[in-house]
Amino acid sequence: MKYKAEDIFTPQGLLKEVEKNPNLDFLMNIFNIPRAFSVSGFGGNWNIGMHSVATAFLALYWAKCNKFDKSKRDKFVTLALLHDLHEAVTGDILPMFKEDLVRTQLDRIQNNILNFLEVKMDSDLETDLKIVDLIAFLYEIKQVSPSIINPKKLKLANLIAEKQRNILLEYCNEKKVKKEKIEKFLEQIEVE
């Protein structure tokens with residue numbers, strides 16, 4: 001028997017029946033889906049909804065820092081808030097597992113939801129969106145409360161944060177966003 005993405009059940013019914021017409025229960029399910037970092041037993045109680053809201057707040061800070069006009073800012077914040085809606089049914093999948101077939105399915109689900117909500121992705125904002133998404137994860141990592149009695153866990157938490165910071169800086173370098181700009185922004189929002 002072969003399973004298909006359309007056969008996934010959601011709080012509203014079968015995905016193939018609801019992804020183009022999601023109700024509020026479907027969308028709010030992002031607050032019931034734990035982040036992969038949390039599932040690892042390390043990340044506390046973070047869920048997709050918390051990550052999405054943090055990303056939207058960071059989009060406000062980033063838009064202000066970069067002097068976006070109000071229209072661009074509002075579109076950016078909307079995209080940040082909605083960027084992981086597909087995870088309401090798929091769960092949080094670590095980036096290294098998003099092979100082409102998986103990415104295609106995730107994109108289809110996400111695009112169907114955004115089409116229903118009449119929100120269009122803006123290619124001019126893709127880099128900015130990825131930056132705030134990566135920073136939201138860095139923020140999430142820094143919220144971890146490893147046992148201070150266990151120096152090994154604290155060391156691991158610091159290593160994970162450093163790795164995520166390097167991923168952020170590497171992405172920015174690829175997109176020709178200056179390291180100094182990102183470091184200044186991280187300092188401003190106190191996620192150093």
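This is a predicted model: local features need pLDDT of at least 70, side-chain atom pairs count only at pLDDT 80 or more; totals for chains, interfaces and linings use all residues.
Ser 52, Val 53, Thr 55, Ala 56, Ala 59, Leu 60, Trp 62 and Ala 63 of helix α4 meet Arg 73, Phe 76, Val 77, Ala 80 and Leu 81 of α5.

How are α4 and α5 set against each other? The packing angle between α4, residues 48–65, and α5 is about 160°, and their axes lie 7 Å apart. That angle makes α4 roughly antiparallel to α5, because an angle over 145 degrees counts as such. Their crossing is right-handed.

From α4, the residues involved are His 51, Ala 54, Thr 55, Leu 58, Ala 59 and Trp 62; from α8, they are Asp 128, Ile 131, Val 132, Asp 133, Ile 135, Ala 136, Phe 137 and Glu 140.

Is Ala 59 buried or exposed? Its relative accessibility is 0%, so Ala 59 counts as buried. Setting aside residues up to four places away in sequence, Ala 59 touches Phe 76, Val 77, Ala 80 and Val 132. Phe 26, by contrast, is 33 residues from Ala 59 in sequence and 24 Å away in space, C-alpha to C-alpha.

In soluble globular proteins, nonpolar side chains tend to be buried together. The largest nonpolar core in this model holds 48 residues, and those touching the most other members are Trp 62, Phe 76, Ile 131, Ile 135, Leu 168, Ile 182 and Leu 186. Which helix gives the most to this core? It is α8, residues 126–142, with 9 residues. As for Ile 182, its contacts are Trp 62, Ile 131, Leu 168, Leu 169, Cys 172 and Val 177, again without counting residues up to four places away.

The next element is helix α7, residues 100–116. At 1.5 Å a residue, its 17 residues should span 24 Å, and the end C-alpha atoms are 24 Å apart, which agrees. The buried residues of α7 are Leu 106, Ile 109, Gln 110, Asn 112, Ile 113 and Leu 114. Among the elements covering them are α1 (15–18), α2 (24–28), α5 (70–82) and α6 (87–90).

Asn 21 sits in the loop between α1 and α2. With 45% relative accessibility, Asn 21 counts as partly exposed. Beyond its neighbours within four places in sequence, Asn 21 is in contact with Gln 12 and Phe 116.

Finally, a word on the backbone. Most residues other than glycine have a negative phi. Where does this model depart from that pattern? Just after α7, Glu 118 takes a positive phi of about 60°. Lys 176, which is not a glycine, also has a positive phi of about 60°; Lys 176 is placed in the loop between α9 (151–174) and α10 (179–188), and at 74% relative accessibility it counts as exposed. Glu 190 likewise has a positive phi of about 60°. Glu 190 lies in the segment after α10 and, at 69% relative accessibility, counts as exposed.

Conventions: Residues are numbered from 1 along each chain as its sequence is written. Side-chain values use heavy atoms; hydrogens and water are left out. A nonpolar core is a set of buried Ala, Val, Leu, Ile, Met, Phe, Trp, Tyr and Cys residues joined through side-chain atoms within 4.5 Å. Buried means under 20% relative accessible area, exposed over 50%, partly exposed in between (1.4 Å probe, protein chains only). Helices (H or I, at least four residues) and strands (E, at least two) are DSSP runs, numbered from the N terminus. Contact means heavy atoms within 4.5 Å. The expected span of a helix is 1.5 Å times one less than its number of residues. Axes are lines fitted to C-alpha atoms, for helices over the stretch in contact, and angles run from 0 to 180 degrees between N-to-C directions. Angles under 35 degrees count as roughly parallel, over 145 as roughly antiparallel, 65 to 115 as roughly perpendicular and the rest as oblique. A crossing is left-handed if the near helix is turned anticlockwise from the far one by less than a right angle, and right-handed if clockwise.
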